[in-house]
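Work through the following exercises with the sequence and the structure in view, and try each task before you read its solution.

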Amino acid sequence: MHNECPLTRVWCGAHQLDFVMEHIMDTIVKERFFTVMTGFITHLTRHLNLIADMKTTCPCVVNCWLSTEKVIKWFKIHWPQLLAHVESKQQPSTPPCLWWVSLLTMHHFTSKTAITFRTIQGLMTLLDQLQAALVGLVASLMEDVGVVGPFIAETIANLDASSHVINGRYVVPLSSIREFVSGLVSWVDSIVDEADEGQRSELFKDITSIYVTAYNRISELSAYSNENNNLLADPSSFPPVLPHELVKLSATKFTRKMRRYNYRLEQRYSNEHIDITIDEHKQLLHAYRIEQVLKQSIDALSNQSAFKDGWSLLGRRFPNLMELCGVIATLFPRTSTVESDFSILRWEKDAFRKSLSDFGLEGML
């Protein structure tokens, strides 16, 4: 393989994010939150009068964090009726008061993550858009509870433990967590204030652990790696594929990028075709300079713009350049569609077999 024409490997960002969320659910959330929730769901299924009054039943929980997110959302929507039921039925299977605070925290956390997860699953998502979505999620999670770090051990040792929650090399001010919790719903402060100091401390530690773990692991995710399967040191080396990116690239730099991938381009295009594509890029640069309306339209594009929307501004003016960007230079950012096409369960559990039990599904694998 030619060293001047390196390979780029792509690992579905949604797949990686799914691994992170499953890890958080299994190692941090499971004991204190998930076990209580499943016990409470079992309790609710036995109260038929409550189901009749609510006119709804709790969604099923399967071994998937997205299904857990749907269940948490259901609890969040119906919390007034459920809380009234808990107060009237003080049984071992009903959750303690602070569990509802954990529920609200998990609703906030999983909803935000699920939005990013579904966004990067889009069939038209470009690779840099996928990476930007993950970076945005990390920044948002960091802002939620005010995660600060990483710090060296000496700095951690000098911090006031009474006013900070420490998790490894990261720190969250206690005031930031309290402010975050207070903003979940209007009645949450009364529940937190009534809890004893030990219970509050455990709650704040759990919240910190969830967010720090998510911040740590998601910030390390990368959809692309080099031919040795190591993280790509310079993702900006990817060819630009949208018009607002191409106009920032001089004719010389564009030609150098074409030359870098010349070995692969020659497998599909003739040298004449490659030269025509280079000329079209020069024409695009010239049009961008002299056509004010076109310039304004291109400048309005961003990394969130879809490929189709970006190139529709140019019509059919640069067909070879558009083909290069859409066929050769664009990397497919996800594998989940391909994986689902070969899913045994997807074929067996079709629209007419939704009521199959877990035991029946296990028998098919």
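**Exercise 1.** Find which residues S219 touches, not counting residues up to four places away in sequence, and state whether S219 is buried, exposed or partly exposed.

*Solution.* Begin by locating S219, which is found in helix α10; helices here are DSSP runs of H or I with at least four residues, strands are runs of E with at least two, and both are numbered from the N terminus. Next, list the contacts, meaning heavy atoms within 4.5 Å: S219 touches V138 and A214. Finally, with a relative accessible area of 41%, S219 is partly exposed, where buried means under 20%, exposed over 50% and partly exposed in between, for a 1.4 Å probe and protein chains only.

The model is a predicted one, in which local features need pLDDT of at least 70 and side-chain atom pairs count only at pLDDT 80 or more, while totals for chains, interfaces and linings use all residues. Residues are numbered from 1 along each chain as its sequence is written, and side-chain values use heavy atoms, with hydrogens and water left out.

**Exercise 2.** Describe how helix α5 and helix α10 pack.

*Solution.* Take the angle and the distance: α5 (residues 97-119) and α10 (residues 197-219) pack at about 15°, with axes 11 Å apart, the axes being lines fitted to C-alpha atoms over the stretch in contact and the angles running from 0 to 180 degrees between N-to-C directions. The two helices α5 and α10 are therefore roughly parallel, a term for angles under 35 degrees. Now name the residues that meet, among them L98, V101 and F109 in α5 and L203, I207 and Y211 in α10. The residues of this contact divide into nine nonpolar, four polar and one charged, with Ala, Val, Leu, Ile, Met, Phe, Trp, Tyr, Cys and Pro counted as nonpolar, Asp, Glu, Lys and Arg as charged, and the others, Gly among them, as polar.

**Exercise 3.** Which residues of helix α8 are buried, and which are exposed on the other side?

*Solution.* In α8 (residues 174-182), the buried residues are S176, I177, F180 and V181. Seen down the axis of α8, these buried residues fall within an arc of 135°, so they line one face of the helix; the arc is that of the directions from the helix axis to the C-beta atoms. On the other side of α8, S175 and E179 are exposed.

Technical notes
Angles under 35 degrees count as roughly parallel, over 145 as roughly antiparallel, 65 to 115 as roughly perpendicular and the rest as oblique.
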